[in-house]
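Dear colleague,

I am passing on the structure below, together with notes on what turned up in it. Please read the notes with the coordinates open beside them.

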Amino acid sequence: MPRRISGRSGALAAAVGAALLVPAVTAATPAAAAPAPDVSCTSAKAGLAAKLQADITAALKDRTGTVAVGLYDRSTDTTCTLNAATAFDSASTVKVTVLATLLWDARNTGRYLTDTEADLATAMITQSDNDATSKLWKQLGLAKIKGFLAAAGMTKTVPDAEGYWGLTQENVTDEQKLLKLVTAKNTVLSDNSRAYILKLMGQVVSDQRWGTPAGAPSSVAVHVKNGWLERSAHGWRVHSLGTFNGAGHDYVISVLTQDNSTMDYGVATIQNVARAIHRDLVPTTASTRLYTPTNRPGEALVPVPPRG
């Protein structure tokens with residue numbers, strides 16, 4: 001049976017500022033340092049849960065803001081969670097859901113993607129193109145998007161009522177469900193659909209390949225989709241979804257954050273966590289090359305309402 005390790009719990013403070021125009025928003029005041037996060041891990045591999053719990057907790061030491069973490073490694077039946085039910089504005093991470101919905105719908109109607117859809121999907125994932133996302137979101141419509149979410153069991157993912165896809169509410173639990181569907185055979189997404197999603201996530205442009213890939217050994221394949229969004233309440237949301245396969249491991253990581261003072265601060269928090277996870281899961285030697293993400297993180301500023 002997997003062994004469960006749990007750390008100390010504590011409330012994470014939030015920074016809430018006055019409503020300002022977006023994107024011309026002043027940086028949110030950093031939240032006060034929080035007690036050690038309540039990271040919970042289980043694993044079929046002796047000692048791994050305790051090590052991950054300790055190292056993820058250490059990676060978040062003295063970091064401010066709200067952080068949610070999800071890890072699942074099939075090879076060792078390992079799971080780690082932190083604030084997995086906390087809801088966040090999705091920013092560009094919802095683009096993986098949009099692509100999955102498009103492929104799910106095409107399969108249900110017995111057709112292939114059109115050339116136009118394939119071009120939009122490629123731009124949406126590899127370049128985080130917002131116009132492409134908006135076109136696909138409008139084409140699909142809420143009924144189909146909600147249909148996919150129901151089929152995927154993503155019960156806590158809620159599209160914005162006014163149609164701002166970047167304000168879709170998501171949590172780590174549902175993002176981990178999505179990444180598990182993308183990385184293993186299932187009845188929701190076909191094998192070809194899963195391969196297509198991973199292909200595009202593996203071709204993300206270099207300045208957007210930050211976050212969960214940080215510290216991944218060269219022996220694993222990296223697939224990533226990130227997102228960021230600044231608003232007056234909760235400051236910078238900075239998120240990263242990643243899947244990793246190789247060296248005898250098959251794992252997925254979701255890290256969602258908000259109440260960051262700057263985008264770079266949120267990126268650093270995510271990468272601290274990612275480095276700890278990769279180091280603990282995949283043993284390396286002195287000659288192993290580790291993934292070094294860009295030092296100039298980039299993403300697309302998603303459309304949001306003019307105030308708030």
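At what angle do helix α3 (residues 115-126) and helix α4 (residues 130-152) pack, and how far apart are their axes? Before the answer, two remarks on provenance. This is a predicted model, in which local features need pLDDT of at least 70 and side-chain atom pairs count only at pLDDT 80 or more, while totals for chains, interfaces and linings use all residues. Residues are numbered from 1 along each chain as its sequence is written, and side-chain values use heavy atoms, with hydrogens and water left out.

The angle between α3 and α4 is about 130°, and the axes lie 8 Å apart, where axes are lines fitted to C-alpha atoms, for helices over the stretch in contact, and angles run from 0 to 180 degrees between N-to-C directions. That makes α3 oblique to α4, given that angles under 35 degrees count as roughly parallel, over 145 as roughly antiparallel, 65 to 115 as roughly perpendicular and the rest as oblique. On the α3 side, Glu117, Leu120, Ala121, Ala123 and Met124 meet Ala132, Thr133, Lys135, Leu136 and Gln139 of α4, contact meaning heavy atoms within 4.5 Å. The residues of this contact divide into six nonpolar, two polar and two charged; here Ala, Val, Leu, Ile, Met, Phe, Trp, Tyr, Cys and Pro count as nonpolar, Asp, Glu, Lys and Arg as charged, and the others, Gly among them, as polar.

For the protein overall, the secondary structure comes to seven helices and nine strands, taken as DSSP runs numbered from the N terminus (helices H or I, at least four residues; strands E, at least two). Of its 308 residues, 55% count as buried, a term that means under 20% relative accessible area, with exposed being over 50% and partly exposed in between (1.4 Å probe, protein chains only). Among contacts with a separation of 6 or more, 73% are between residues 24 or more positions apart.

The structure holds one disulfide, a disulfide being a pair of cysteine sulfur atoms within 2.5 Å. Cys41 and Cys80 form it, with their sulfur atoms 2.1 Å apart. Cys41 lies in strand β2 (residues 40-43) and Cys80 in strand β4 (residues 78-82), so the pair ties together parts that are 39 residues apart in sequence. The torsion about the S-S bond of Cys41 and Cys80 is about 115°, and the disulfide is therefore right-handed. Cys41 is buried at a relative accessible area of 0%, and Cys80 is likewise buried, at 1%.

Ala91, in the loop between β5 (88-89) and α2 (94-108), has a positive phi near 50° and is buried, with a relative accessible area of 0%. Ala247, in the loop between β8 (236-246) and β9 (249-260), has a positive phi near 55°, but is partly exposed at 45%.

Finally, two residues in helices. Thr97 in helix α2 is buried at 4% relative accessibility and, leaving aside neighbours within four places in sequence, is in contact with Phe148, Leu149, Met154 and Leu178. Ala50 in helix α1 (residues 48-59) is partly exposed at 37%, and its C-alpha atom is separated by 9.1 Å from that of Ser40, ten residues away along the chain.
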